[in-house]
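Keep the picture open while you read.

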Amino acid sequence: MTEAFTTVSRFTLLILVTIYMFDSFGALKNEIRPRKKAHLFHRMNVTQILFCINANLVLFLNSQKVIYLILLLAEIIYTQILQLIYKIFFPNCERILVNHMGMLLTIGFIIQSRLAVTTAIRQFIIAVACLVLTAFVPAIIRKVDDFSRFELIYAILSIGSLLLVLVAGSWEEGAKLALSFGAIRIQPSELVKITFVLFVASGMQEARNSENEKKIMLIVTGIALLHILILVASRDLGTAAILFVIYLVLYYCYSGRIRVLLLGGAGIGLFLLLANKIFSHVHARIVAWLDPLSVVDTSGYQVSQGLFAMGTGGWFGSGLFQGMPNKIPVVTKDFIFAAIGEEFGGLFAIILIFIYLACFILMMNTAVRVREEYPRLISAGLAVCYGFQLFLSIGGVVKFIPSTGVTMQFISYGGSSLLSTMLMFSIIQGITIRDQKQGEEDYLDEYDGEKV
(Lines give C-alpha, C1' and ligand atoms only; values in the text may rest on other atoms or scores of the structure.)
Protein backbone atom coordinates (compact mmCIF):
# COMPACT_ATOMS: atom_id res chain seq x y z
CA MET A 1 0.00 0.00 0.00
CA THR A 2 2.69 2.50 1.05
CA GLU A 3 4.94 1.58 -1.86
CA ALA A 4 2.09 1.87 -4.35
CA PHE A 5 0.95 5.25 -2.97
CA THR A 6 4.53 6.55 -3.06
CA THR A 7 4.95 5.42 -6.68
CA VAL A 8 1.66 6.99 -7.78
CA SER A 9 2.51 10.22 -5.93
CA ARG A 10 5.51 10.74 -8.21
CA PHE A 11 3.01 11.50 -10.96
CA THR A 12 0.20 13.12 -8.95
CA LEU A 13 2.59 15.64 -7.42
CA LEU A 14 3.99 16.42 -10.87
CA ILE A 15 0.47 16.84 -12.30
CA LEU A 16 -0.56 19.15 -9.47
CA VAL A 17 2.48 21.40 -9.78
CA THR A 18 2.02 21.46 -13.58
CA ILE A 19 -1.61 22.57 -13.21
CA TYR A 20 -0.48 25.22 -10.73
CA MET A 21 2.20 26.50 -13.10
CA PHE A 22 -0.14 26.78 -16.11
CA ASP A 23 -2.80 28.54 -14.01
CA SER A 24 -0.20 31.02 -12.74
CA PHE A 25 0.91 31.99 -16.24
CA GLY A 26 -2.72 32.08 -17.39
CA ALA A 27 -3.47 34.64 -14.68
CA LEU A 28 -0.67 36.87 -16.01
CA LYS A 29 -2.56 37.63 -19.23
CA ASN A 30 -3.62 41.26 -19.54
CA GLU A 31 -6.89 40.59 -21.33
CA ILE A 32 -8.21 38.05 -18.82
CA ARG A 33 -11.58 38.85 -17.22
CA PRO A 34 -11.61 39.62 -13.47
CA ARG A 35 -13.95 36.71 -12.70
CA LYS A 36 -11.74 34.28 -14.64
CA LYS A 37 -8.67 35.64 -12.87
CA ALA A 38 -10.30 35.17 -9.46
CA HIS A 39 -11.19 31.61 -10.46
CA LEU A 40 -7.57 30.91 -11.38
CA PHE A 41 -6.37 32.33 -8.06
CA HIS A 42 -8.80 30.05 -6.22
CA ARG A 43 -7.75 27.01 -8.24
CA MET A 44 -4.07 27.75 -7.60
CA ASN A 45 -4.80 27.85 -3.87
CA VAL A 46 -6.71 24.56 -3.98
CA THR A 47 -3.95 22.94 -6.03
CA GLN A 48 -1.38 24.06 -3.48
CA ILE A 49 -3.41 22.52 -0.62
CA LEU A 50 -3.83 19.22 -2.51
CA PHE A 51 -0.10 19.17 -3.22
CA CYS A 52 0.64 19.70 0.48
CA ILE A 53 -1.76 16.91 1.52
CA ASN A 54 -0.43 14.44 -1.05
CA ALA A 55 3.24 14.99 -0.22
CA ASN A 56 2.81 14.93 3.57
CA LEU A 57 0.75 11.74 3.38
CA VAL A 58 3.64 10.11 1.52
CA LEU A 59 6.01 11.28 4.25
CA PHE A 60 3.71 9.94 6.96
CA LEU A 61 3.15 6.53 5.33
CA ASN A 62 6.87 6.00 4.78
CA SER A 63 7.88 7.08 8.28
CA GLN A 64 4.78 6.28 10.39
CA LYS A 65 5.50 9.47 12.36
CA VAL A 66 2.51 11.54 13.46
CA ILE A 67 4.63 14.69 13.33
CA TYR A 68 4.14 14.74 9.54
CA LEU A 69 0.37 14.95 9.95
CA ILE A 70 0.83 17.78 12.45
CA LEU A 71 3.10 19.56 9.99
CA LEU A 72 0.53 19.01 7.25
CA LEU A 73 -2.14 20.80 9.25
CA ALA A 74 0.27 23.56 10.32
CA GLU A 75 1.44 24.19 6.75
CA ILE A 76 -2.11 24.49 5.41
CA ILE A 77 -3.09 26.87 8.21
CA TYR A 78 0.05 28.94 7.61
CA THR A 79 -0.47 29.36 3.87
CA GLN A 80 -4.17 30.18 4.32
CA ILE A 81 -3.37 32.83 6.95
CA LEU A 82 -0.83 34.25 4.50
CA GLN A 83 -3.56 34.43 1.85
CA LEU A 84 -6.08 36.00 4.26
CA ILE A 85 -3.69 38.71 5.46
CA TYR A 86 -3.19 40.00 1.95
CA LYS A 87 -6.82 39.45 0.90
CA ILE A 88 -8.23 41.37 3.89
CA PHE A 89 -5.65 44.09 4.50
CA PHE A 90 -4.21 44.55 0.99
CA PRO A 91 -6.95 43.76 -1.56
CA ASN A 92 -5.00 45.61 -4.31
CA CYS A 93 -1.90 43.47 -3.88
CA GLU A 94 -0.37 41.24 -6.56
CA ARG A 95 -2.28 38.06 -5.74
CA ILE A 96 -0.20 35.81 -7.98
CA LEU A 97 2.91 36.77 -6.03
CA VAL A 98 1.17 35.81 -2.77
CA ASN A 99 0.18 32.43 -4.25
CA HIS A 100 3.74 31.79 -5.43
CA MET A 101 5.12 32.65 -2.01
CA GLY A 102 2.75 30.11 -0.45
CA MET A 103 3.55 27.41 -3.01
CA LEU A 104 7.32 27.83 -2.74
CA LEU A 105 7.12 27.78 1.07
CA THR A 106 5.04 24.59 0.89
CA ILE A 107 7.62 22.88 -1.33
CA GLY A 108 10.33 24.06 1.04
CA PHE A 109 8.55 22.70 4.12
CA ILE A 110 8.01 19.33 2.40
CA ILE A 111 11.58 18.79 1.19
CA GLN A 112 12.99 19.94 4.53
CA SER A 113 10.63 17.50 6.29
CA ARG A 114 11.92 14.73 4.05
CA LEU A 115 15.56 15.53 4.80
CA ALA A 116 15.30 16.17 8.56
CA VAL A 117 12.02 16.68 10.41
CA THR A 118 13.73 18.70 13.18
CA THR A 119 15.08 21.10 10.55
CA ALA A 120 11.60 21.39 9.04
CA ILE A 121 10.10 22.28 12.42
CA ARG A 122 12.71 24.99 12.98
CA GLN A 123 12.14 26.31 9.47
CA PHE A 124 8.39 26.44 10.07
CA ILE A 125 8.85 28.38 13.33
CA ILE A 126 11.17 30.79 11.50
CA ALA A 127 8.58 31.19 8.72
CA VAL A 128 5.89 32.10 11.27
CA ALA A 129 8.17 34.74 12.80
CA CYS A 130 9.03 36.09 9.33
CA LEU A 131 5.34 36.39 8.46
CA VAL A 132 4.70 38.36 11.64
CA LEU A 133 7.64 40.67 10.89
CA THR A 134 6.83 41.28 7.21
CA ALA A 135 3.03 41.08 6.97
CA PHE A 136 2.42 44.79 7.42
CA VAL A 137 5.45 46.11 5.51
CA PRO A 138 3.15 46.99 2.56
CA ALA A 139 1.08 49.20 4.88
CA ILE A 140 4.23 51.04 6.04
CA ILE A 141 5.34 51.63 2.45
CA ARG A 142 1.87 52.86 1.54
CA LYS A 143 1.86 55.44 4.35
CA VAL A 144 5.44 56.76 4.45
CA ASP A 145 5.84 59.53 1.91
CA ASP A 146 9.56 59.35 1.12
CA PHE A 147 11.94 56.51 1.95
CA SER A 148 14.80 58.08 0.01
CA ARG A 149 15.57 60.48 2.86
CA PHE A 150 16.96 57.55 4.91
CA GLU A 151 19.88 57.13 2.51
CA LEU A 152 22.56 57.61 5.20
CA ILE A 153 20.85 55.12 7.54
CA TYR A 154 20.81 52.46 4.80
CA ALA A 155 24.55 52.93 4.21
CA ILE A 156 25.44 52.84 7.91
CA LEU A 157 23.36 49.72 8.55
CA SER A 158 24.81 47.90 5.56
CA ILE A 159 28.47 48.75 6.05
CA GLY A 160 28.27 48.37 9.83
CA SER A 161 26.76 44.88 9.51
CA LEU A 162 29.33 43.74 6.96
CA LEU A 163 32.23 45.11 9.06
CA LEU A 164 30.88 43.31 12.11
CA VAL A 165 30.89 40.02 10.22
CA LEU A 166 34.40 40.74 8.92
CA VAL A 167 35.68 41.29 12.47
CA ALA A 168 33.62 38.84 14.52
CA GLY A 169 32.12 36.43 11.99
CA SER A 170 32.70 32.68 11.98
CA TRP A 171 34.51 30.92 9.14
CA GLU A 172 32.46 28.53 7.02
CA GLU A 173 33.83 26.81 3.93
CA GLY A 174 36.57 29.40 3.52
CA ALA A 175 34.43 32.53 4.09
CA LYS A 176 33.13 34.66 6.93
CA LEU A 177 29.37 34.50 6.52
CA ALA A 178 27.55 34.72 9.84
CA LEU A 179 27.50 35.89 13.44
CA SER A 180 27.00 33.15 16.02
CA PHE A 181 25.17 33.64 19.30
CA GLY A 182 25.16 30.18 20.83
CA ALA A 183 22.83 28.02 18.75
CA ILE A 184 21.56 31.05 16.82
CA ARG A 185 23.29 32.11 13.61
CA ILE A 186 22.56 35.36 11.82
CA GLN A 187 23.75 36.10 8.30
CA PRO A 188 23.58 39.92 7.96
CA SER A 189 24.53 39.86 4.28
CA GLU A 190 21.05 38.54 3.45
CA LEU A 191 19.42 41.70 4.80
CA VAL A 192 22.23 43.89 3.45
CA LYS A 193 21.04 42.98 -0.07
CA ILE A 194 17.85 44.91 0.67
CA THR A 195 19.46 47.90 2.39
CA PHE A 196 22.01 48.05 -0.44
CA VAL A 197 19.20 48.34 -3.00
CA LEU A 198 17.50 51.02 -0.91
CA PHE A 199 20.77 52.95 -0.53
CA VAL A 200 21.69 52.88 -4.22
CA ALA A 201 18.16 53.81 -5.30
CA SER A 202 18.10 56.67 -2.76
CA GLY A 203 21.49 57.93 -3.94
CA MET A 204 20.40 57.91 -7.56
CA GLN A 205 17.18 59.68 -6.64
CA GLU A 206 19.20 62.40 -4.90
CA ALA A 207 21.62 62.69 -7.82
CA ARG A 208 18.76 63.05 -10.29
CA ASN A 209 17.32 65.99 -8.36
CA SER A 210 20.65 67.71 -7.67
CA GLU A 211 22.82 70.16 -9.56
CA ASN A 212 25.91 68.17 -8.44
CA GLU A 213 24.75 64.96 -10.10
CA LYS A 214 28.19 63.66 -11.05
CA LYS A 215 29.64 64.29 -7.58
CA ILE A 216 26.78 62.50 -5.83
CA MET A 217 26.98 59.56 -8.23
CA LEU A 218 30.72 59.25 -7.53
CA ILE A 219 29.98 59.11 -3.79
CA VAL A 220 27.22 56.54 -4.30
CA THR A 221 29.50 54.43 -6.50
CA GLY A 222 32.34 54.65 -3.96
CA ILE A 223 30.11 53.53 -1.07
CA ALA A 224 28.65 50.73 -3.21
CA LEU A 225 32.19 49.61 -4.03
CA LEU A 226 33.03 49.68 -0.31
CA HIS A 227 30.20 47.19 0.34
CA ILE A 228 31.66 44.84 -2.26
CA LEU A 229 35.25 45.20 -1.03
CA ILE A 230 34.24 44.31 2.55
CA LEU A 231 32.47 41.21 1.25
CA VAL A 232 35.55 40.26 -0.76
CA ALA A 233 37.66 40.69 2.39
CA SER A 234 35.23 38.36 4.16
CA ARG A 235 35.52 36.03 1.13
CA ASP A 236 31.75 36.06 0.70
CA LEU A 237 32.13 36.25 -3.06
CA GLY A 238 28.60 35.05 -3.85
CA THR A 239 26.99 38.01 -2.11
CA ALA A 240 29.65 40.34 -3.52
CA ALA A 241 28.71 39.22 -7.04
CA ILE A 242 25.00 39.79 -6.31
CA LEU A 243 25.60 43.36 -5.07
CA PHE A 244 27.84 44.11 -8.04
CA VAL A 245 25.20 42.95 -10.53
CA ILE A 246 22.50 44.90 -8.67
CA TYR A 247 24.54 48.09 -8.96
CA LEU A 248 25.27 47.50 -12.65
CA VAL A 249 21.60 47.03 -13.51
CA LEU A 250 20.45 49.98 -11.40
CA TYR A 251 23.07 52.22 -12.98
CA TYR A 252 21.90 51.08 -16.40
CA CYS A 253 18.27 51.87 -15.42
CA TYR A 254 19.43 55.27 -14.19
CA SER A 255 21.68 56.25 -17.09
CA GLY A 256 20.50 54.11 -20.01
CA ARG A 257 24.11 53.34 -20.95
CA ILE A 258 24.34 49.74 -22.12
CA ARG A 259 28.14 49.85 -22.19
CA VAL A 260 28.00 49.83 -18.38
CA LEU A 261 26.56 46.30 -18.51
CA LEU A 262 29.20 45.17 -21.02
CA LEU A 263 32.08 46.59 -18.98
CA GLY A 264 30.59 45.12 -15.81
CA GLY A 265 30.35 41.68 -17.38
CA ALA A 266 33.98 41.89 -18.41
CA GLY A 267 34.86 43.01 -14.89
CA ILE A 268 33.16 39.95 -13.39
CA GLY A 269 35.15 37.67 -15.69
CA LEU A 270 38.42 39.38 -14.77
CA PHE A 271 37.64 39.21 -11.06
CA LEU A 272 36.86 35.49 -11.34
CA LEU A 273 40.29 34.91 -12.88
CA LEU A 274 41.97 36.87 -10.07
CA ALA A 275 39.92 35.14 -7.37
CA ASN A 276 41.00 31.78 -8.78
CA LYS A 277 44.61 32.79 -8.16
CA ILE A 278 44.13 34.54 -4.79
CA PHE A 279 41.55 32.49 -2.87
CA SER A 280 42.20 28.79 -2.34
CA HIS A 281 38.53 27.93 -1.73
CA VAL A 282 37.55 29.65 -5.02
CA HIS A 283 40.24 27.68 -6.87
CA ALA A 284 38.93 24.46 -5.31
CA ARG A 285 35.38 25.24 -6.43
CA ILE A 286 36.49 26.05 -9.98
CA VAL A 287 38.41 22.77 -10.17
CA ALA A 288 35.34 20.96 -8.85
CA TRP A 289 33.23 22.72 -11.48
CA LEU A 290 35.52 21.83 -14.39
CA ASP A 291 36.02 18.18 -13.44
CA PRO A 292 34.32 17.15 -10.18
CA LEU A 293 35.21 13.45 -10.55
CA SER A 294 38.93 14.28 -10.60
CA VAL A 295 38.62 15.65 -7.05
CA VAL A 296 35.65 13.57 -5.92
CA ASP A 297 37.35 12.72 -2.62
CA THR A 298 37.74 16.40 -1.69
CA SER A 299 36.21 19.56 -3.19
CA GLY A 300 34.35 17.72 -5.95
CA TYR A 301 32.36 15.43 -3.66
CA GLN A 302 29.40 17.78 -3.17
CA VAL A 303 29.01 18.57 -6.87
CA SER A 304 29.43 14.91 -7.85
CA GLN A 305 26.85 13.70 -5.34
CA GLY A 306 24.42 16.37 -6.50
CA LEU A 307 24.80 15.31 -10.13
CA PHE A 308 24.49 11.62 -9.23
CA ALA A 309 21.32 12.37 -7.26
CA MET A 310 19.63 14.25 -10.10
CA GLY A 311 20.73 11.62 -12.62
CA THR A 312 19.30 8.86 -10.43
CA GLY A 313 15.99 10.69 -10.10
CA GLY A 314 15.51 10.98 -13.84
CA TRP A 315 12.56 12.86 -15.30
CA PHE A 316 9.94 11.65 -12.81
CA GLY A 317 12.00 11.26 -9.63
CA SER A 318 12.54 8.30 -7.35
CA GLY A 319 9.70 9.35 -5.04
CA LEU A 320 9.79 10.78 -1.53
CA PHE A 321 11.86 8.60 0.83
CA GLN A 322 13.02 6.51 -2.14
CA GLY A 323 16.25 8.38 -2.84
CA MET A 324 19.41 9.17 -0.86
CA PRO A 325 19.63 12.99 -0.86
CA ASN A 326 21.16 13.06 2.62
CA LYS A 327 24.42 11.83 1.10
CA ILE A 328 24.86 15.27 -0.46
CA PRO A 329 26.85 17.61 1.83
CA VAL A 330 24.95 20.69 3.06
CA VAL A 331 21.88 19.45 1.20
CA THR A 332 19.37 21.43 3.28
CA LYS A 333 21.00 24.72 2.24
CA ASP A 334 23.28 24.99 -0.79
CA PHE A 335 22.22 21.85 -2.69
CA ILE A 336 18.50 21.61 -1.94
CA PHE A 337 17.78 21.71 -5.69
CA ALA A 338 19.64 18.43 -6.14
CA ALA A 339 17.43 16.77 -3.51
CA ILE A 340 14.32 18.06 -5.31
CA GLY A 341 15.65 16.76 -8.62
CA GLU A 342 16.33 13.32 -7.17
CA GLU A 343 13.02 12.63 -5.41
CA PHE A 344 10.56 14.88 -7.29
CA GLY A 345 12.24 14.49 -10.69
CA GLY A 346 13.73 16.59 -13.44
CA LEU A 347 10.37 17.68 -14.86
CA PHE A 348 9.27 18.90 -11.43
CA ALA A 349 12.56 20.80 -11.06
CA ILE A 350 12.03 22.52 -14.43
CA ILE A 351 8.46 23.52 -13.49
CA LEU A 352 9.80 24.85 -10.18
CA ILE A 353 12.19 27.08 -12.13
CA PHE A 354 9.21 28.38 -14.14
CA ILE A 355 7.41 29.29 -10.90
CA TYR A 356 10.50 31.19 -9.76
CA LEU A 357 10.66 32.80 -13.20
CA ALA A 358 7.04 33.92 -12.86
CA CYS A 359 7.95 35.69 -9.60
CA PHE A 360 10.85 37.44 -11.32
CA ILE A 361 8.57 38.54 -14.18
CA LEU A 362 6.03 39.96 -11.73
CA MET A 363 8.73 41.88 -9.87
CA MET A 364 10.12 43.30 -13.11
CA ASN A 365 6.58 44.18 -14.25
CA THR A 366 6.26 46.26 -11.10
CA ALA A 367 9.50 48.05 -11.98
CA VAL A 368 8.22 48.82 -15.48
CA ARG A 369 4.71 49.79 -14.41
CA VAL A 370 5.27 52.21 -11.51
CA ARG A 371 5.14 55.92 -12.31
CA GLU A 372 7.94 57.26 -10.09
CA GLU A 373 11.64 56.58 -10.63
CA TYR A 374 12.58 55.84 -7.01
CA PRO A 375 10.19 52.88 -6.48
CA ARG A 376 11.03 51.76 -10.02
CA LEU A 377 14.71 51.49 -9.09
CA ILE A 378 13.89 49.65 -5.87
CA SER A 379 11.67 47.16 -7.70
CA ALA A 380 14.29 46.56 -10.38
CA GLY A 381 17.04 46.14 -7.77
CA LEU A 382 15.07 43.63 -5.72
CA ALA A 383 14.04 41.72 -8.86
CA VAL A 384 17.67 41.47 -10.02
CA CYS A 385 18.77 40.43 -6.52
CA TYR A 386 16.11 37.71 -6.46
CA GLY A 387 16.74 36.46 -9.99
CA PHE A 388 20.53 36.51 -9.93
CA GLN A 389 20.67 34.73 -6.57
CA LEU A 390 18.44 32.00 -7.98
CA PHE A 391 20.72 31.73 -11.02
CA LEU A 392 23.78 31.33 -8.77
CA SER A 393 22.04 28.75 -6.59
CA ILE A 394 20.66 26.49 -9.32
CA GLY A 395 23.59 27.10 -11.68
CA GLY A 396 26.05 25.85 -9.07
CA VAL A 397 24.03 22.68 -8.43
CA VAL A 398 23.68 21.69 -12.11
CA LYS A 399 27.36 22.57 -12.81
CA PHE A 400 26.51 25.42 -15.15
CA ILE A 401 28.73 27.72 -13.06
CA PRO A 402 31.05 27.13 -10.07
CA SER A 403 29.19 26.64 -6.80
CA THR A 404 28.84 29.89 -4.81
CA GLY A 405 27.07 28.57 -1.71
CA VAL A 406 24.07 30.91 -1.96
CA THR A 407 20.64 29.68 -0.89
CA MET A 408 17.54 28.89 -2.94
CA GLN A 409 14.87 31.34 -1.80
CA PHE A 410 11.93 30.02 0.27
CA ILE A 411 13.16 26.42 -0.01
CA SER A 412 16.68 26.28 1.45
CA TYR A 413 16.99 26.15 5.23
CA GLY A 414 17.95 29.42 6.89
CA GLY A 415 16.19 32.16 8.80
CA SER A 416 18.16 35.10 7.41
CA SER A 417 17.53 34.02 3.83
CA LEU A 418 13.82 33.45 4.43
CA LEU A 419 13.35 36.79 6.19
CA SER A 420 15.23 38.61 3.43
CA THR A 421 13.14 37.05 0.66
CA MET A 422 9.83 37.66 2.42
CA LEU A 423 10.86 41.27 2.98
CA MET A 424 11.60 41.62 -0.74
CA PHE A 425 8.16 40.32 -1.66
CA SER A 426 6.48 42.55 0.94
CA ILE A 427 8.30 45.63 -0.37
CA ILE A 428 7.26 44.80 -3.94
CA GLN A 429 3.66 44.41 -2.75
CA GLY A 430 3.85 47.76 -0.95
CA ILE A 431 5.16 49.49 -4.07
CA THR A 432 2.38 47.91 -6.17
CA ILE A 433 -0.34 49.01 -3.73
CA ARG A 434 1.10 52.51 -3.37
CA ASP A 435 1.32 52.97 -7.13
CA GLN A 436 -2.29 51.86 -7.61
CA LYS A 437 -3.41 54.27 -4.92
CA GLN A 438 -1.54 57.14 -6.57
CA GLY A 439 -3.05 56.20 -9.92
CA GLU A 440 -6.55 56.33 -8.46
CA GLU A 441 -5.85 59.72 -6.86
CA ASP A 442 -4.46 61.10 -10.13
CA TYR A 443 -7.55 59.86 -11.96
CA LEU A 444 -9.89 61.49 -9.44
CA ASP A 445 -7.97 64.78 -9.61
CA GLU A 446 -8.15 64.70 -13.41
CA TYR A 447 -11.85 63.86 -13.34
CA ASP A 448 -12.62 66.71 -10.90
CA GLY A 449 -10.63 69.10 -13.04
CA GLU A 450 -12.59 68.18 -16.15
CA LYS A 451 -15.85 68.42 -14.23
CA VAL A 452 -15.00 71.88 -12.99
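## Before we start

This is a predicted model, so local features need pLDDT of at least 70 and side-chain atom pairs count only at pLDDT 80 or more, while totals for chains, interfaces and linings use all residues. Residues are numbered from 1 along each chain as its sequence is written, and side-chain values use heavy atoms, with hydrogens and water left out.

Phe11, Ile15, Ile19, Trp315, Phe316, Leu347, Ile350, Phe354 and Leu357 make a nonpolar surface patch of about 790 Å². Like charges are joined within 9 Å, and nonpolar side chains (Val, Leu, Ile, Met, Phe, Trp, Tyr) within 5 Å. The areas come from the Shrake-Rupley method with a 1.4 Å probe, and for residues only the protein chains shown count as cover.

Helix H1 (2-26) and helix H15 (346-369) are the elements that give two or more residues to the patch. H15 gives the most, with four. Helices here are DSSP runs (H or I, at least four residues), numbered from the N terminus. Ile350 sits in H15 and is partly exposed at 36% relative accessible area; buried means under 20%, exposed over 50%, and partly exposed in between.

## Inside the core

The largest nonpolar core has 135 residues, and Phe51 and Ile411 touch the most other members. Helix H16 (residues 373-397) brings the largest share, 13 residues. Such a core is a set of buried Ala, Val, Leu, Ile, Met, Phe, Trp, Tyr and Cys residues joined through side-chain atoms within 4.5 Å.

Leaving aside neighbours within four places in sequence, Phe51 has contacts (heavy atoms within 4.5 Å) that include Leu13, Met103, Ile110 and Phe348.

Helix H8 (residues 188-208) has 21 residues, and 17 of them are buried, so the rest of the structure largely encloses H8.

## Two loop residues with positive phi

Val330 has a phi near 55°, a positive value in a residue other than glycine. Val330 lies in the loop between helix H13 (301-313) and helix H14 (336-343) and is partly exposed, at 34%.

Lys399 also isn't glycine, and has a positive phi near 65°. Lys399 is in the loop between H16 and helix H17 (415-451), partly exposed at 28%.

Notes
Patches are made of residues with over 30% relative accessible area and no salt bridge: like charges are joined within 9 Å, nonpolar side chains (Val, Leu, Ile, Met, Phe, Trp, Tyr) within 5 Å. A salt bridge is a side-chain nitrogen of Lys or Arg within 4 Å of a carboxyl oxygen of Asp or Glu. Buried means under 20% relative accessible area, exposed over 50%, partly exposed in between (1.4 Å probe, protein chains only).
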